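This briefing covers the sheets, the helices packed on them and the surroundings of the ligand. The notes are grouped by topic.

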Amino acid sequence: MPVGRIDLTAILPVDSFEACNRQAETGFTMLADDSFRQLLDHFDRSWSGYRKVRKGVKKRLYRHMQQLGCRRMSDYLAVLEKDRHSRRMCEQLLTVSISRFFRDRPLWDCLARNLLPEMAARYPQRLTIWSAGCACGEEAYSFQIVWARLKHNCRSLPDLYLVATDTNREILDRARLGVYRASSLREVPEEWIAAHFLPLKKKKIYQIRPSLQRGIIWMQHDFLTEPPQVMFNIIFLRNNLLTYYRKSLQQAALDKIVRQLSQPGLLIVGSREKCPSDAGGLTRSPDAVGVFWKR
Ligand SMILES: C[S@@+](CC[C@H](N)C(=O)[O-])C[C@H]1O[C@@H](n2cnc3c(N)ncnc32)[C@H](O)[C@@H]1O
């Protein structure tokens with residue numbers, strides 16, 4: 001995909017390290033925490049999930065409030081109640097797309113070494129994978145890299161059906177483009193960078209190789225609604241539902257998602273996330289943090 005004429009720096013995903021730096025630079029934001037918490041309550045979001053990343057989110061929301069001529073949170077909430085477009089926009093502004101390649105590195109090592117060979121043996125025809133809340137594609141492409149490397153070493157692997165979804169259309173467009181700052185690749189070994197990425201702008205920016213872009217099905221989808229009507233063998237649900245939403249919303253969404261998981265199947269959540277223990281007969285895998293079996 002040609003990227004030469006696009007202003008890459010303006011559209012690149014933000015990783016957590018850069019987000020923290022930028023937050024330190026931006027300093028004071030105009031939206032008070034109390035007002036922000038009021039908004040989070042309105043959308044059933046979790047304060048503890050947003051606490052660390054709130055500066056950037058508050059800044060975006062404040063700008064939106066200004067555009068709508070709302071000085072107080074109560075005015076803003078009144079507009080959001082009446083105007084679907086503004087509400088949708090606010091929901092998009094609440095999304096946090098911080099990610100990076102091979103986030104939680106031990107998980108990916110365990111997938112490559114144990115879990116994927118086991119799943120491939122169990123489903124020799126086709127393996128179906130869902131990256132739910134995929135942000136700018138770092139997770140889906142990390143999977144593609146691991147799979148490509150397994151393929152190189154194995155005589156036969158199942159066909160792959162990889163679906164990556166996010167509620168935010170703009171973020172999905174960036175995912176399709178597959179262009180990242182070098183800092184998003186800091187957990188990727190040098191040798192893998194050389195094999196799977198194309199360096200641009202004096203190695204400040206990298207594009208995922210087109211061979212790894214092929215075959216991913218990108219879809220706009222809200223995981224609070226009905227999941228795609230496909231049974232998945234592995235579902236990545238990391239650093240979104242269980243971090244940014246309140247418990248009251250989590251359980252119902254999780255139940256629906258786990259229903260789309262095959263038996264055996266793997267649900268993978270973030271390494272710092274707590275998966276409710278009564279979620280659809282899941283058992284914690286001893287192999288890696290955040291991995292649950294449905295057997
Ligand atoms: C912090 S990123 C996590 C990306 C990746 N899963 C990871 O762990 O690195 C959270 C992503 O979840 C998406 N998201 C949040 N709520 C969602 C929803 N209801 N449905 C689908 N995606 C959602 C956001 O748009 C954002 O891109």
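Two strands count as paired if DSSP finds at least two bridges between them. Strand β8 (residues 261-269) and strand β10 (residues 291-294) are joined by 4 bridges in the antiparallel sense. The model is predicted.

**Seven-stranded sheet**
- An open sheet of 7 strands runs in the order β6-β2-β1-β7-β8-β10-β9, and its pairing is mixed.
- At the edges are β6 (216-220) and β9 (282-284), each of which pairs on one side only.
- From one strand to the next, the twist averages 20°.
- Within the pair of β8 and β10, Ile 268 stands opposite Val 291 in β10.

**Helices on this sheet**
- Helix α8 (residues 105-122) packs on the sheet and touches β1 (126-132), β7 (232-237), β8 and β10.
- The direction of α8 makes about 170° with that of β8.
- Helix α10 (residues 169-177) lies across β2 (159-166) and β6, and runs at about 165° to β6.

**Three-stranded sheet**
- A further open sheet has 3 strands in the order β3-β5-β4, with antiparallel pairing.
- Its edge strands are β3 (179-181) and β4 (197-200), each pairing on one side only.
- Neighbouring strands of this sheet are turned by 30° against each other on average, direction ignored.
- β4 and strand β5 (residues 205-208) pair in the antiparallel sense over 4 bridges, and Leu 200 stands opposite Ile 205 in β5.

**Ligand shell**
- The ligand is surrounded by 22 residues, the closest being Thr 95, Ser 99, Gly 133, Ala 135 and Arg 238.
- By class, this shell holds 9 polar, 7 nonpolar and 6 charged residues.

Notes
Residues numbered from 1 in each chain as written. Predicted model: local features only at pLDDT ≥ 70, side-chain atom pairs only at ≥ 80, totals over all residues. Near = placed C-beta within 6 Å. Nonpolar A, V, L, I, M, F, W, Y, C, P; charged D, E, K, R; others polar. Helix = DSSP H or I, 4+ residues; strand = E, 2+ residues; numbered from the N terminus. Axes fitted to C-alpha atoms, helices over the stretch in contact; angles between N-to-C directions. Contact = placed C-beta atoms within 7 Å.
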